[in-house]
Amino acid sequence: MLAAGTLVGLVPAVVLLPATSYASSASLTFTGYGVGSGDGASQFGEAGYASQGQLTYQQILAHFYGGTTLTTTNDRLITVWLTQGTGRAATVVDAGGLVVNNVTVAPNTPIQVSDAGGTISISQGASASGCSAPSAWTPLTTTTGSLTISPVNLEPLGSMIDETQNQALAWCQPGGTVEYVRGSLGVTDNGQGQQVLTNTLGLESYVRGVIGNEMPVVWGTLGSPGPQGQAWGFQALEAQAVEARTYALAVGNSYPFAQICDSDYCQVYGGFNTGQTSQARALIDAAQTDTAGQILEQASGAPAFTQYSASDGGYTAGGDFPAVPDPYDAGCYASICDPWDPWSQTVGLSSLQQAFSQVGTVQGLNVLQRSGNGTDGGRVLSIQVVGSSGSSTVTGAQFASMLGLDSDWFSVSGPIAINNDGNGSPPAQPSGSTASSGIVVASADGGTAAEDGATDLGSTYTYGITGLTGSRPLNAPVVGVASTPDGKGYWLVAADGGVFDFGDAHFYGSTYTYGITGLTGSRPLNAPIVGIASTTNGDGYWLVAADGGVFDFGNATYQGSAYSKGFTGLTGAHPLAAPVVGIASTPNGNGYWLLEANGTVLSFGDAGSYGQLSASANIVGIASTADGQGYWLLGANGAVYGFGDAASYGSLNLSGQTARAVSIVTAPNGTGYSIILSNGQVVGFNGGPSSPALGPTTTGHGAPVVAAAILGDPAPGTPPVINEGNTASSGIVVASADGGTAAEDGATDLGSTYTYGITGLTGSRPLNAPVVGVASTPDGKGYWLVAADGGVFDFGDAHFYGSTYTYGITGLTGSRPLNAPIVGIASTTNGDGYWLVAADGGVFDFGNATYQGSAYSKGFTGLTGAHPLAAPVVGIASTPNGNGYWLLEANGTVLSFGAAQNYGDMSQTTTVRSKFVGIVASATGDGYTLLTTDGATYGFGDAPSTGSIEANPLAVAIIRGPGGTGYSIILSNGQVVGFDGGPSAPALGPTTTGHGAPIIGGTAIS
């Protein structure tokens, strides 16, 4: 169950006032949702989606594991660590006889295997005594190292799945329990002087041993009759089968002696499932057989890390997969009710005090940030413990682990000052607390440590990665860190091109996004990644490899690489003089420098060349001045060299010392710098922050520090951070059918589908279907485009939360196409989700958008059938609180859902000259305005019809003005006509957005 509990058997700155006193027995009460990390699928949710929602296992998997592809793989052998056999003698018997260390043992005769100091002794019990304790053991043979125990007739891989219990090995456990296993058993040493027992068998055989131990098999009988001759609930068992198979492959070789363990730390495996009824075993076998070989793949082609838990509390956490709502998580299935939705736990205040003794007497708790998804604001991302002598900020997951809470989704009450809001504003610091800026250092194993007042926002350990070793290690060491321009987040990058995001840093891709397979595989990197640099507004980053290759992500623009200067990498006809070791970007993001280990500096874009060393040895870092008119180079010996306007304020002499210099960062004042050493020490010059060494454990996990980043306020005098690329106070962005966009009335164009390399409706990489709608984020600093096939494209601060393809729908064609084309999109109140609507009235919800119904839920049968819609749906508008929406039909009919009230429509009017094309809600949500193609508007509720036009060409959309009053009508030539404060703009001419397709809609941005 992946550390989540087994299902079988089942704001402005907040000032925290000091607490005056509390009794030693005082306690805190935590109320929360879900259990475990919430990553991946919820099993209660899967049961509900299957038995109640009647989704197939393919649809269930697509919902919970967005961005993956269902594919097939071949059966293969897998070795499982049988954890209960650790450190104890193993007794094994087989009804048909067995072979151990090339010695054949008679049927039903037990053997006992024990390892003492590397010598394995095998003894034989009385013949035919089976698992009953024999009167005596007779020495049989000995060996060293390891041994394998197999049935006399070990089935080959292709037939192993069909082994019967009589053919299987029986592991006789203490207390009389017997576990039957397919394949063979192994005995070896775990490297720590303990004997371990393993089971090697086929992957498909293993999946049969997992399904019923991770999900109640009775769930497969729930619901009405469904596909494959089973109840709909059977789809949940099939989803579990695919998850178990994929997870086993994704974890790789977790241990030196096995790929995976049999406990809930990995996945619970029970061999032949002898504890299950014959009916249950039949369902388990069917779930495995029907999904045989099926796994979920990442875009890179690697198996997805398909974590799952019993309950996600109603919303998944996100991480490896997009966060999605899970309305079926809370429920009762087969008399088993979700005990984690909600849960309540009492924790003694003394336990909190003990866990955070470094802050002095604990005085308060302040939830700094929540995920924004679900009840109470969602999961706790960051929480601060405030004490009499300082404060400590940890992630919600770390806090939950320290106090033994079921999950990081909680609220707390008790006899101390408490803020549960999670609005992101830290409370007033206690006296003696530290500065508004600081440094975060990162170590090779992905660990991080905050120094000089900074807040540690997380490390790769936060993602459940176990460093460079362990059950789920990094694929490659971490080599670099870069902070976002506002100092409230950072990225870590590993040598294989993997990127990890924390705080307000968003993930925009990794080298795997380009189809590169890391440092090995079918298409590996030419050289390891060595550094990362952020763009000006933090909406993208560059990665650089040791051969001078540059990879751009988000809004980072490619300005060239060592190859574009004629170098052939590290080898070939014109190799680099030395490997590239770092990258620094210019303040405006239009250029960057690459640094070679010999001190050579390569300049790209608007990055000026101010000098270099070229003949030095072991240069390790580069940092730019605030104005980009100079840079510092750093040697591993601590020497600093300044070029351009980068004055050298001092160096270190690390000769003869164990620690070495690993990184240089520009100080918050923009003119000084700090040198970071491999022991975590930070030495500042001319205003650069300083901090003592972290000691032998560096970031707490034992690996040396490799890089650092400044957190906190940006340097004064630096160019202002452009918020997601938009600097205008208000305006309109219009979109055309080919995905082109154009900014009008002072707005800034944040991008189009052409930005993604798509070539419109024709060309080498055309859209699958025309763009049909556009919606802006509530703050007006981003927007989404949606295409008729359900594809969604995000720009500015608009984030991607999924598309109809996420639900396993194959667009307008394919094996499972949409019933009707998508025609519109609407944003939720905070922009953390959106709804798509199709012409048949189908509604699809993503992110925190909640499904309130569709035309089908009102009894309509789409565009055909027994009760079809009077006309196709042409648009959607949401209520201001996000708890409802309206759908508009082409004949003027309005369908209301959730909190959206029906204030009237034009369905019974015969005087309308043309079809309806748009609907916009009033600022209060107590009315709406409808638009026809000839430019006529009709107001209902508190939305008066302020004005209409004689549209020529056609009117295509209506949008609310940026101030919440008035509206603007958008024509197919790009002209915008405003009423009562709505913005206006002239036509764009025959080329519309520059690509020759008609305008289809627009949105106000600010």
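**Disulfides**

I began with Cys 261 and Cys 266, which a disulfide joins with an S to S distance of 2.2 Å; the model I am reading is a predicted one. The torsion about that S-S bond comes out at about 110°, so I noted the disulfide of Cys 261 and Cys 266 as right-handed. I then looked up the accessibility of the pair and found Cys 261 and Cys 266 both buried.

A search of the whole structure gave me two disulfides, and the other entry links Cys 131 with Cys 172, where the sulfur atoms lie 1.9 Å apart. Here the angle about the S-S bond is -75°, and I recorded the link of Cys 131 and Cys 172 as left-handed. Cys 131 sits in the loop between strand E9 (119-124) and strand E10 (138-144), while Cys 172 belongs to strand E12 (residues 169-172), so the bond ties together parts that are 41 residues apart in sequence.

**A three-stranded sheet**

Next I traced an open sheet of three strands, whose order is E29-E30-E31 and whose pairing is antiparallel. Strand E29 (478-483) and strand E31 (499-503) stand at the edges with a single partner strand each, so one side of each has no neighbour in the sheet. From one strand to the next I read an average twist of 20°. For the pairing of E29 with strand E30 (residues 489-494) I found five bridges in the antiparallel sense, and when I followed Ser 483 across to E30, its bridge partner was Tyr 490.

**Helix H1 against helix H5**

I then turned to helix H1 (residues 43-51) and helix H5 (residues 234-250), which pack at an angle of about 135° with their axes 8 Å apart; that makes H1 oblique to H5. Which residues meet at this contact? From H1 I listed Gln 43, Glu 46, Ala 47 and Ala 50, and from H5 I listed Gln 235, Ala 236, Ala 239, Gln 240 and Glu 243. Sorted by class, the contact of H1 with H5 holds four nonpolar, three polar and two charged residues.

**Backbone geometry**

Last, I checked the backbone for exceptions, since most residues other than glycine have a negative phi, and most peptide bonds are trans. The peptide bond from Asp 341 to Pro 342 is cis, with omega near 0°, and I placed Pro 342 in the loop between strand E20 (336-337) and strand E21 (343-348).

I located Gln 228 in the loop between helix H4 (203-214) and H5, and with a relative accessible area of 41% I noted Gln 228 as partly exposed.

Definitions and conventions
Residues numbered from 1 in each chain as written. Predicted model: local features only at pLDDT ≥ 70, side-chain atom pairs only at ≥ 80, totals over all residues. Heavy atoms only, no water. Disulfide = S-S within 2.5 Å. Helix = DSSP H or I, 4+ residues; strand = E, 2+ residues; numbered from the N terminus. Buried < 20%, exposed > 50% of the residue type's maximum accessible area, 1.4 Å probe, protein only. Pairing = 2+ DSSP bridges. Axes fitted to C-alpha atoms, helices over the stretch in contact; angles between N-to-C directions. Parallel < 35°, antiparallel > 145°, perpendicular 65-115°, else oblique. Contact = heavy atoms within 4.5 Å. Nonpolar A, V, L, I, M, F, W, Y, C, P; charged D, E, K, R; others polar.
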